Amino acid sequence: MLAKVYSCAIVGLEGVLVEVEVDIAGGLPAFTVVGLGDAAVQESRERVRSAIRNSGLSFPLKRLTVNLAPADLRKVGPAYDLPIAVGLLLAGQQVEGDAGGAVFIGELGLDGGLRHTDGVISMAAVARSRQIKTIYLPAEDAAEAALIEGPQIVPVRTLAELVDHLTGAQPITPHLVSARFEDAELTYPVDFQDVRGQEHVKRSLEVAAAGGHNILMGGTPGSGKTMMARALLSILPPLALEEALEVTKIYSVSGQLPRDTPLIRRRPFCSPHHTTSQPGLVGGGAGRVKPGMVSMAHRGVLFLDELPEFGQKLEVLRQPMEDRVVTLSRAIGSVTFPANFMLVAAMNPCPCGWHGDSERQCTCSPALVSRYQKKISGPLLDRIDIHVEVPRVQYEKLSGDRLGEPSAAIRARVVAARERQARRFQGHPRCLSNADMGAGEIREHCQLDGAGQSLMKAAVRQLNLSARGYHRVLKLSRSIADLAGSDSIGAAHLAEAIQYRPRRAE
């Protein structure tokens with residue numbers, strides 16, 4: 001008596017089809033699960049036994065062997081409870097029918113109820129790629145799985161309900177796919193109109209949003225750096241459907257997708273504490289390797305407050321900032337996570353925070369100030385396109401009744417600039433914004449006229465720009481020109497881009 005059903009595993013962000021083979025043989029009662037399963041998979045024996053009995057079904061008191069194939073792929077998590085239970089019922093002939101062409105996903109409670117499973121959207125995607133027509137999964141995960149068009153999604157609440165469906169006694173109504181992506185107005189916690197003063201900083205954030213550039217804000221405590229970083233989210237263009245699906249898959253696999261939000265529609269904003277470990281930043285884990293904060297911020301903002309306090313951990317950001325992906329190699333294999341984020345960082349000028357302030361005296365020695373600022377390496381600073389100082393806000397601006405320009409108006413200009421870039425990069429699927437341009441795209445789309453060439457030559461000499469810094473200035477000037485609606489980069493656009501670079505090599 002042998003039965004076969006399908007389930008799914010997660011490797012990185014992608015699903016892998018797993019064949020669950022169940023054999024019932026004579027002999028002393030035993031229940032063995034093989035196939036390189038972790039502790040949660042081994043514990044499924046007790047959950048499945050209790051769930052079958054408490055669902056009014058008979059658990060076979062024979063020699064039971066469950067194989068999870070491929071055997072060399074590590075299986076992690078409780079998602080195999082349901083396919084193991086269905087396989088036992090099929091092998092024991094308590095359920096008859098063709099269930100071998102479907103995928104079963106879900107953790108079982110002792111009462112037979114199905115519980116939430118992480119990574120359902122990735123599992124549904126691999127089922128579609130393997131042309132599997134039906135997926136049985138927990139009812140609360142049905143809306144997430146339905147984001148993948150193709151397979152029929154059957155929401156299951158209990159094991160007994162699934163048995164009634166498979167036997168034809170009481171069929172379950174498939175999940176009806178509603179509108180997957182509604183272009184509704186999004187709300188944001190901070191609006192730029194509430195930020196008093198700091199007009200030049202707002203301009204730099206607008207330029208950063210237009211091209212997806214990295215930005216570092218330095219200034220005294222309480223000058224509004226964190227507030228403006230959070231307001232940046234309100235001027236970024238909304239996620240396209242493909243981007244939203246990418247972000248949703250990352251959050252689903254990480255187990256951080258809100259239960260009432262099957263599709264993430266707002267760009268992520270991740271702000272890790274400076275005590276976060278390196279695996280917390282780039283990803284890792286003892287069992288299944290999970291995404292880190294750089295991947296959680298994919299298509300959104302990674303905000304690092306008090307940047308020097310992160311110390312040497314910052315060096316792990318250098319490769320993701322260039323490649324837009326992070327590759328983690330472990331003994332069990334290598335996985336690659338997307339990491340196309342905007343780095344927004346904030347820092348004080350010194351440990352006490354008042355170095356260079358016009359009204360409060362700094363208590364730090366020059367050596368201490370220099371040592372504090374050197375906690376951030378030169379290669380990392382070179383990867384940051386915009387460096388801007390955030391001064392103290394004067395009382396007259398704080399107490400005035402005049403509001404700043406609302407985020408909606410700024411976002412309209414940013415969206416127009418991004419649309420120009422989308423048209424420009426139609427033949428370059430890797431590029432979604434100016435920050436994604438490589439050397440070939442820069443050579444094609446960032447040509448300078450005679451005045452621009454002279455200005456750039458002077459900037460390279462005076463600022464001691466590296467080759468990376470040179471290219472980043474060109475990409476930044478391209479974004480400034482897009483905001484101005486210009487097809488070519490003028491000397492004024494290039495001059496603004498140059499003044500965002502630090503005044504000396506770090």
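**Figure 1. Lining of the second largest pocket.** The second largest pocket is lined by 19 residues, among which Ala-240, Glu-243, Arg-267, Ala-422 and Leu-432 lie nearest its centre. The model shown is predicted, so that local features need pLDDT of at least 70 and side-chain atom pairs count only at pLDDT 80 or more, whereas totals for chains, interfaces and linings use all residues. Residues are numbered from 1 along each chain as its sequence is written, and side-chain values use heavy atoms, with hydrogens and water left out. A pocket is, on a 1 Å grid over the protein atoms alone, an open set of points where a 1.4 Å probe fits, with protein on both sides within 12 Å along at least five of seven lines, and lining residues have an atom within 4 Å of a point. The volume of this second largest pocket is about 440 Å³, taken as the space filled by probe spheres set on the points. Helix 9 (241-254) and helix 16 are the elements that give two or more residues to the lining of this pocket, and helix 16 contributes the largest share, 5 residues. By residue class, the lining divides into 9 nonpolar, 3 polar and 7 charged, where Asp, Glu, Lys and Arg count as charged, Ala, Val, Leu, Ile, Met, Phe, Trp, Tyr, Cys and Pro as nonpolar, and the others, Gly among them, as polar.

**Figure 2. Strand 3 beside strand 4.** Strand 3 (residues 30-34) pairs with strand 4 (residues 63-69) in the parallel sense over 5 bridges, pairing being assigned if DSSP finds at least two bridges between two strands. Strands (E, at least two residues) and helices (H or I, at least four) are DSSP runs numbered from the N terminus. The bridge partner of Val-33 in strand 4 is Val-66.

**Figure 3. Helix 3 and the residue Gln-93.** Helix 3 (residues 81-91) is mostly covered, with 11 of its 11 residues buried, including Asp-81, Pro-83, Gly-87 and Ala-91. Just after this helix, Gln-93 takes a positive phi of about 60 degrees.

Figure 4. Arg-383 forms one with Glu-322, the closest N and O atoms being 3.5 Å apart. This pair links Arg-383, in the loop between helix 14 (378-382) and strand 18 (386-390), to Glu-322 in helix 12 (residues 318-323), 61 residues apart. Arg-383 counts as buried at 8% relative accessibility, whereas Glu-322, at 35%, counts as partly exposed. The side chains of Arg-501 and Asp-382 also meet in a salt bridge (3.1 Å, N to O). Arg-501 lies in the segment after helix 20 (491-499) and Asp-382 in helix 14, so this pair ties together parts that are 119 residues apart in sequence. Arg-501 is buried at 4% relative accessible area, as is Asp-382 at 15%. Glu-322, Asp-382, Arg-383, Asp-385, Arg-468, Arg-472 and Arg-501 are linked in a network of salt bridges.

Key
Buried < 20%, exposed > 50% of the residue type's maximum accessible area, 1.4 Å probe, protein only. Salt bridge = Lys/Arg side-chain N within 4 Å of Asp/Glu carboxyl O.
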